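Let's take a friendly walk through a protein model together. Have a look at the sequence and the structure first, then read on.

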Amino acid sequence: MLFRSATAFGQFLGLAEDELHPLGLGALFHDSGKANIPREVLNKPGRLDEREFQVIKRHPLEGYSLLKDKEALKFQVLPAIVEHHEKYDGSGYPRGIGGEDISMFARIVSLADVYDALTSERVYKKGMPASQALGVMYGMREKDFHPTMVERFIKCLGVDRKSTRLNSSHRIR
């Protein structure tokens, strides 16, 4: 779902065909650093304590470490992996950057990641309907997300109130 919504959004934004492939790779590999995070932290059914949260916050840099030597990933994919938890207001991690300093691919992957997290069922929670998730995300604009990026993401998805599926007019070629 995350790959599909990220690449559909990239297409909606007018990214060139040759940019959609690295965007998709960024979406696929964004959490690759979790491979180096202890399973008991990743699979904890309840809320993470402060120490555990500090451990999980390492995953973007762990992903970078795992993939940094892959030449094909350097230019656009690695920033998406490292920056997908950065926030528009600068309060994110791992570097605390914000606004336009966050790469376009990271902004796209971040939106798709949050949408996926909100709409997916997890061990500790049920997924919410798409319309509710998009409402939550709209409320996160200017803090977590660039305001116009959230509005465009919502427009791109084109979901109705009962659906959790993407609008079929934005399928990847």
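How many residues line the largest cavity, and which lie nearest its centre?

## The cavity

The largest cavity is lined by 14 residues, and nearest its centre lie Ile-102, Arg-107, Asp-144, Phe-145 and His-146. A cavity here is a set of points, on a 1 Å grid over the protein atoms alone, where a 1.4 Å probe fits but cannot get out, and lining residues have an atom within 4 Å of a point. The volume of the largest cavity is about 90 Å³, and the structure holds one cavity of 30 Å³ or more. Volume means the space filled by probe spheres set on the points, with grid points joined across faces, edges and corners.

Helix 7 (residues 104-119) gives the largest share of this lining, four residues. Helices are DSSP runs (H or I, at least four residues), numbered from the N terminus.

## A glycine in helix 2

Gly-24 has its place in helix 2 (residues 17-29). Is Gly-24 buried or exposed? Gly-24 is buried, with a relative accessible area of 1%; buried means under 20% and exposed over 50%, using a 1.4 Å probe and protein chains only. Leaving aside residues up to four places away in sequence, Gly-24 touches Phe-3 and Thr-7, where contact means heavy atoms within 4.5 Å.

## How the model was made

This is a predicted model, where local features need pLDDT of at least 70, side-chain atom pairs count only at pLDDT 80 or more, and totals for chains, interfaces and linings use all residues. Residues are numbered from 1 along each chain as its sequence is written, and side-chain values use heavy atoms, with hydrogens and water left out.

The average pLDDT (the predictor's confidence in each residue, from 0 to 100) is 90, and 91% of the residues score at least 70. Over residues 160-166 the pLDDT is below 50.

Terms used:
1 Å grid on protein atoms, 1.4 Å probe; cavity = no way out; pocket = protein on both sides within 12 Å on 5 of 7 lines; lining within 4 Å. Helix = DSSP H or I, 4+ residues; strand = E, 2+ residues; numbered from the N terminus.
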